[in-house]
Amino acid sequence: MSDVMLHAVGQDPDSFAVQIADSIESFIVATTEVAKGDEPDSAIPFLLLEVSQLLLTGGRLGAHEDIVPDERYEPDTGPDLDVDELRMRFATMLEPIDVFSEVFDPYEPRKAPVPSRISDSLADIIMDLRHGLAHYRAGRTTEALWWWQFSYFSNWGPTASATLRALQSLVAHVRLDQPLAELDGLDTDEDLTEDALAEEAGKVMVQEIAAPLGLRRAR
């Protein structure tokens with residue numbers, strides 16, 4: 001959606017609601033473009049940037065006072081758009097590094113990490129954001145802000161935070177030349193010493209992850 005359409009509701013372009021909506025729209029458009037796979041060489045750095053910017057928007061929502069919707073019950077936005085194709089596109093593009101470990105609540109003691117997927121996380125975030133955008137486009141600005149704030153705390157915020165940590169960690173592994181613990185394509189049948197194994201893992205990491213996804217190692 002263009003800025004003209006977004007601002008057609010007659011709001012001040014500098015208003016909180018318009019800025020939040022513009023940021024969310026920008027994230028959806030940008031990440032959907034990444035999922036097309038036209039520029040795989042810059043996929044991971046671009047996703048790192050986009051998720052970081054989205055969490056800044058989430059932080060603004062989180063720091064804002066509680067937003068109370070105009071109506072007691074949420075108006076129907078119609079069926080949510082299907083994100084399965086988007087999910088599969090991300091899964092195919094990110095296959096070598098799609099799975100990561102996540103801790104849902106860092107303040108819950110002795111909670112074991114669980115496996116998650118970057119592709120699932122991105123698709124779920126976009127689905128949440130689109131739901132609020134449907135309210136915004138229908139002129140229900142307060143309802144949209146309420147939904148984005150509520151779902152920031154309950155779903156897309158934690159999901160985006162975990163995804164950002166995974167993306168940042170991946171970039172750090174490559175830039176700092178620190179091999180990942182396990183990588184598809186590493187021949188574990190070879191009789192290698194620990195140092196040699198680490199070196200081979202680093203080679204595989206560069207071949208399968210760094211170059212195809214636009215990452216560069218530190219000099």
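This is a predicted model: local features need pLDDT of at least 70, side-chain atom pairs count only at pLDDT 80 or more; totals for chains, interfaces and linings use all residues.
Helix α2 (residues 16–35) and helix α3 pack at an angle of about 160°, their axes lying 10 Å apart. That angle makes α2 roughly antiparallel to α3, and the crossing of the two helices is left-handed.

**Packing of α2 with α3**

- On the α2 side, the contact is made by Phe-16, Gln-19, Ile-20, Ser-23, Ile-24, Ser-26, Phe-27, Ala-30, Thr-31 and Val-34.
- On the α3 side, the residues that make the contact are Ala-43, Phe-46, Leu-47, Glu-50, Val-51, Gln-53, Leu-54, Thr-57, Arg-60 and Leu-61.
- Sorted by class, the contact of α2 with α3 holds 12 nonpolar, 6 polar and 2 charged residues.

- The contact of α3 with α6 comprises 17 nonpolar and 8 polar residues, with no charged residues.
- The axes of α5 and α6 come within 9 Å and cross at roughly 165°; because angles over 145 degrees count as roughly antiparallel, α5 and α6 are roughly antiparallel to each other.
- The crossing of α5 and α6 is left-handed, and by class their contact has 13 nonpolar, 9 polar and 2 charged residues.

**Aromatic pairs**

- How many aromatic pairs does the count come to? With ring centres required to lie within 6.5 Å, the count comes to 6 aromatic pairs.
- In the pair of Tyr-136 and Trp-148, the ring centres are 6.2 Å apart and the planes stand at 35°, so the pair is tilted.
- Trp-147 and Phe-150 form another tilted aromatic pair, at 6.0 Å centre to centre and with 50° between the planes.
- Because Trp-147 and Phe-150 are 3 residues apart in helix α6, about one helical turn separates them.
- Are Trp-147 and Phe-150 buried or partly exposed? Trp-147 counts as buried at 14% relative accessibility, whereas Phe-150 counts as partly exposed at 41%.
- Ring pairs also bring Trp-146 into a cluster with Trp-147 and Phe-150.

**Surroundings of Ser-101**

- Ser-101 is placed in strand β1 (residues 99–102) and is exposed, its relative accessible area being 62%.
- Although Ser-101 and Pro-115 are 14 residues apart in sequence, their C-alpha atoms are 4.6 Å apart in space.
- When neighbours within four places in sequence are left aside, Ser-101 is in contact with Pro-113 and Val-114.

Definitions and conventions. Residues are numbered from 1 along each chain as its sequence is written. Side-chain values use heavy atoms; hydrogens and water are left out. Rings of Phe, Tyr and Trp (its six-membered ring) pair if their centres lie within 6.5 Å; planes under 30 degrees apart count as stacked, over 60 as edge-to-face and the rest as tilted. Helices (H or I, at least four residues) and strands (E, at least two) are DSSP runs, numbered from the N terminus. Buried means under 20% relative accessible area, exposed over 50%, partly exposed in between (1.4 Å probe, protein chains only). Axes are lines fitted to C-alpha atoms, for helices over the stretch in contact, and angles run from 0 to 180 degrees between N-to-C directions. Angles under 35 degrees count as roughly parallel, over 145 as roughly antiparallel, 65 to 115 as roughly perpendicular and the rest as oblique. A crossing is left-handed if the near helix is turned anticlockwise from the far one by less than a right angle, and right-handed if clockwise. Ala, Val, Leu, Ile, Met, Phe, Trp, Tyr, Cys and Pro count as nonpolar, Asp, Glu, Lys and Arg as charged, and the others, Gly among them, as polar. Contact means heavy atoms within 4.5 Å.
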